[in-house]
Amino acid sequence: MKRACVIGWPIGHSRSPLIHGYWLRRYGIDGTYTKEAVKPEAAAQFLRTLNLRGLAGCNVTVPLKEIAFATADHREDSAVAVGAANTVWLEDGRLCCANTDTYGFMTHLSQSAPSWRQTDRAVVILGAGGAARAIVHGILAAGIGEVRVVNRTLDRAAGLAAYFGSNVNAWPWEERNRACRDASVIVNTTTLGMKGEGDPGIDFSSLQGKVVAADIVYVPLETAFLRKAKAARLTTVDGLGMLLHQAVRGFEKWFGVRPEVTTELRDLIVADIGRL
Ligand code: ATR
């Protein structure tokens with residue numbers, strides 16, 4: 001039997017067992033996927049003993065993503081670009097890691113808004129945390145020439161801009177509406193809107209041309225940011241698709257089948273979110 005899990009601290013909120021449990025049933029695989037609460041000080045030791053624990057690998061969530069990155073023997077480019085890992089697996093006895101958030105976000109963006117890519121216009125990222133970093137990496141790799149990172153703490157946005165180079169600029173939070181005005185895509189990576197609280201406060205009525213609004217918050221599925229964008233007739237991209245697509249790679253590595261993100265899977269998670 002093959003085994004995998006998700007580790008984090010705390011871990012109670014994770015929906016990864018639902019996602020991987022669905023795929024294990026769908027593909028008739030003799031395997032398990034559990035959640036394990038692992039404290040930051042115990043994370044490196046846990047990861048170094050995956051084999052002894054009978055684990056093929058695991059997902060890693062907050063606050064352990066940087067520890068996983070530092071502990072791995074081999075880091076894929078996706079993880080190096082972000083400086084954090086959310087997926088680890090054993091290969092020839094080596095602990096390997098990747099960051100699949102970039103893939104998850106970009107895949108869902110391309111599926112939900114196929115014409116999002118306008119290389120002559122800027123993309124705005126609200127927020128400058130780990131998720132913002134993964135998304136900036138994906139947007140630049142898609143050939144976008146200007147990314148504006150807008151953050152409450154300007155220093156953090158400046159750090160991200162310095163890391164990625166001259167195509168990324170840091171903007172102060174107070175200037176967010178000016179940064180958005182001629183943008184093609186606006187992505188909310190802040191925690192504003194989570195559990196129905198807060199809203200980045202973007203004035204969608206003053207935007208120019210075709211604009212896509214994407215959120216990475218998925219509880220609730222329709223945040224105030226997305227609801228207002230939809231009311232202003234923007235194309236909207238919710239946060240759930242990123243969660244589902246980021247899971248594909250890990251499942252393939254641990255269980256040997258590349259799984260499909262189906263409507264049935266999405267409905268399963270939507271129903272779980274609705275139970276809150
Ligand atoms: P993650 O790594 O998941 O992206 P994070 O590092 O906690 O999460 O980042 C959360 C983001 O939400 C940050 O950009 C944070 O801004 P600061 O860097 O200034 O802390 C942003 N954020 C959280 N609460 C906010 C608020 N009330 N107004 C504006 N931005 C907020």
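Which helices and strands each supply at least two residues of the lining of the largest pocket? They are β3 (57-60), α3 (65-71), α6 (130-141) and α10 (240-246). Here helices (H or I, at least four residues) and strands (E, at least two) are DSSP runs, numbered from the N terminus.

This is a predicted model, in which local features need pLDDT of at least 70 and side-chain atom pairs count only at pLDDT 80 or more, while totals for chains, interfaces and linings use all residues. Residues are numbered from 1 along each chain as its sequence is written, and side-chain values use heavy atoms, with hydrogens and water left out.

**The sheet**

Six strands, in the order β9-β8-β7-β10-β11-β12, form an open sheet with parallel pairing; two strands pair if DSSP finds at least two bridges between them. Because β9 (168-172) and β12 (235-237) stand at the edges with a single partner strand each, one side of each is left without a neighbour in the sheet. Within the sheet, β7 (residues 123-126) and β8 (residues 147-151) pair in the parallel sense over four bridges. L126 stands opposite V150 in β8.

**The lining of the pockets**

A pocket is an open set of points on a 1 Å grid over the protein atoms alone, where a 1.4 Å probe fits, with protein on both sides within 12 Å along at least five of seven lines; lining residues have an atom within 4 Å of a point.

| Pocket | Lining residues | Nearest its centre |
|---|---|---|
| Largest | 46 residues | V62, A131, T191, M194 and I216 |

In the largest pocket, α10 gives the largest share of the lining, three residues.
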